[in-house]
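I opened my notebook to write down, step by step, what I looked up in this structure.

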Amino acid sequence: MNLAAFRALVRKDLVLYFSNRRALVMSILAPIVIAAFFGAVFGSGSEKPSRIPIALADRDASALSRAIVASIAAEPAFEVKNVDTEAAFALARQGKVRAAVVLPPGFAEQTRKALLAGGAKAVVEVRYDPSQATALALVRGLLAQHVMKALGDTIGGPGAAAFGLPFTTDDVASTAADRPYNGYAHAFAGMGVQFILFMGIEVGVGVLLARRMGLWKRLRAAPLSRTLLLGSHIASGAITAVVLLAIIYAAAIAIFHVRIDGSAVGFVAIAIAFALLTSSFGLLIAAIGKTPEATRGLAIFATLVMVMLGGAWVPSFVFPQWLQTASLAVPTRWAVDGLDAMTWRGLGIDAAVGPVVVLLAFAALFTAIAIWRFDWEEPRG
Amino acid sequence: MLAAERLCKSYGGRAVVADLSLAVAGGEIVGLLGPNGAGKSTTVAMLCGLIAADSGSVFVGDGADRRQLSVDAHDAKRRIGVVPQELSIYENLGAAANLMLFGALYGLAGALLRERVAAALALVGLADRAADKPQQFSGGMKRRLNIAAALVHDPDILILDEPTVGVDPQSRNAIFDNLESLRDRGKALLYTTHYMEEAERLCDRVVIMDHGQVVVSDTLAGLYRRLPAVETIELEVDGVVDVAALAREPGIERPLQDGSQLRAGVADLGRAAPALLTWLAARGHAVHRISSGRAGLEDVFLSLTGRQLRD
């Protein structure tokens, strides 16, 4: 292999990429800014969780219902608005509260009878915002807890305490080194993966542009093997990806206090494997793409689907079970999970092996397809 | 120095190049001419090793140094410099950096590479712009750098595919001077173009292609000797001239009308011009302009194929 030529081609790609300052700044700033936004939105262990706004209408106005209202008002998970029924329903409909809870007239009497004499249960109407349906279960659970507590307080007498929960929980965030969960860590993994794949697209589109401009023809006229030509693109793309990931994580560490609490070696291995995946993805784009313009659009769409399924925007554990399983076939899932494992989860190098192997396997697959599909013939004329 | 022997190339059952042979010797500029679609680009691509011929061979070098392109591709390619029709330079790399890259691709390094880069820049008159990026250059300067990129490894053979497209006359002359100096240094140059005046100015021999085949290969003098008429006469006339009848007139060869332009070859301008004017006047065609000149390659192509070279 002509190593001087290989080095010259790699150096050329790096000089061209890193001398384009405007594009470089965007490649670095965009993931940092968006990761900062996602990190702030999805929260961090160092901050109080956001409270769930609910509206509460007490139509019973009994001692029990007043005790329930007071108990719920003191609940740190809720931000309670005490209003009448119509206003409560209106707030839910407008999306200003997650749920509107109405304690009906006769609630206290009916509840006592249901509890002590087996009578019909009172019906508490709960109207919830369907776009925030996950809050419903929390509202119902906490409502049950506070009703039982108020019943215990108001009924009184021996054994009354049994109406409350017979246990308490000790909630500890399962993160590394007893550090509170840093939501920025996952956001930076996701956005780093996304924007570095975007850089990979530019590698592929760059090859297509070189073909259009005749540069590829001149390169192919030189005494260079196909392996050297394609290999130089893989090498320069991978080096660029590693440098970008390093800069993005340097910002994450310096500004947002993200920490590599797991294996540093594992983190580097995942970064390199993902960088190789990125450049082979770029080569695949160059092999199957026709025009730079159409290819860029399709590749961006494919990348967005990959990063979405890979859990780059929202963690994959919020996906339905079938999608969690299906997303294992997407390399970005392994990249994001791997980076998460090495950062906030604080796992050891053994947790990096799986992602590294899978990412390298995808890189090999993409490279093989690219070599197979690459059109070496020049335009006919 | 460069020889193609019986090259054939088909796409989808259609023969683009058929049984084509040509040779370029050291110290010679050979023009490869033909209309669009004649198979020039495919021929050049096969000569450069960019596409494989279906059959036939390309040889580079002479005697013991002769190499077959399909067998010793890397050795053969090292001796060839390619100037594509497109500007195949990196706009965001400096002129010298471009040449350093292309030199490295041919295995040059260190002091020798720097020396060759300086020499190539000097040859094309860009030595004082070595650090500047081509994006700051004029079209002519870019074309010259495009040629320098093919020269930096000092090849024995230079293949130029329409290297002066879009170049102003001053830069074109500068490029011609560069190419002539390379010929004088013993290089073999194959120059494809569809500008007849370029081939007439520059080429020692001309190979004319049509429909993937060589129509003729000869020196310029040899080509002109094939013409039935060495002079041409051009007139701007009214109406549609009966060129078939005109062709039967003595001393008039291959008349052709394109709109108001009437063109014909004439063996003896002094006799043919008055006779032609009289013939046109007798048929009611007013003549608004008349000019004459020597027959050129356009006329050679017309004479050999019965068709005009299409742009």
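I began with the contacts of Met199(A), and I noted that, leaving aside residues up to four places away in sequence, Met199(A) touches Tyr17(A), Gly237(A), Thr240(A), Ala241(A), Leu244(A) and Thr278(A). I kept in mind throughout that this is a predicted model.

Next I looked up where Met199(A) sits, and I found the residue in helix α7 of chain A, which covers residues 183-213. Is Met199(A) buried or exposed? I read a relative accessible area of 3% for Met199(A), and because buried means under 20%, I wrote the residue down as buried.

I then compared sequence and space for one pair, and I recorded that Met199(A) and Ala150(A) lie 49 residues apart in sequence, while their C-alpha atoms are 59 Å apart.

I turned to the cavities, and I counted 2 of them with 30 Å³ or more. The second largest cavity holds about 40 Å³ of space, and I listed its lining as Arg218(A), Ala221(A), Val82(B), Phe102(B), Tyr106(B), Ala149(B) and Ala150(B). Two or more residues of that lining come from each of these elements: α8 (215-221) of chain A and α5 (139-151) of chain B. Sorting the lining by residue class, I noted 6 nonpolar residues, 1 charged residue and no polar ones.

My last entry concerns chain B, which I found divided into domain 1, residues 2-224, and domain 2, residues 231-294. I noted that the centres of these two domains of chain B, taken over C-alpha atoms, are separated by 40 Å.

Methods:
Residues are numbered from 1 along each chain as its sequence is written. Chains are lettered from A and ligands numbered from 1 in the order in which they are written. This is a predicted model: local features need pLDDT of at least 70, side-chain atom pairs count only at pLDDT 80 or more; totals for chains, interfaces and linings use all residues. Side-chain values use heavy atoms; hydrogens and water are left out. Domain bounds come from an automatic or database domain assignment. On a 1 Å grid over the protein atoms alone, a cavity is a set of points where a 1.4 Å probe fits but cannot get out, and a pocket is an open set with protein on both sides within 12 Å along at least five of seven lines; lining residues have an atom within 4 Å of a point. Grid points are joined across faces, edges and corners, and a volume is the space filled by probe spheres set on the points. Helices (H or I, at least four residues) and strands (E, at least two) are DSSP runs, numbered from the N terminus. Ala, Val, Leu, Ile, Met, Phe, Trp, Tyr, Cys and Pro count as nonpolar, Asp, Glu, Lys and Arg as charged, and the others, Gly among them, as polar. Buried means under 20% relative accessible area, exposed over 50%, partly exposed in between (1.4 Å probe, protein chains only). Contact means heavy atoms within 4.5 Å.
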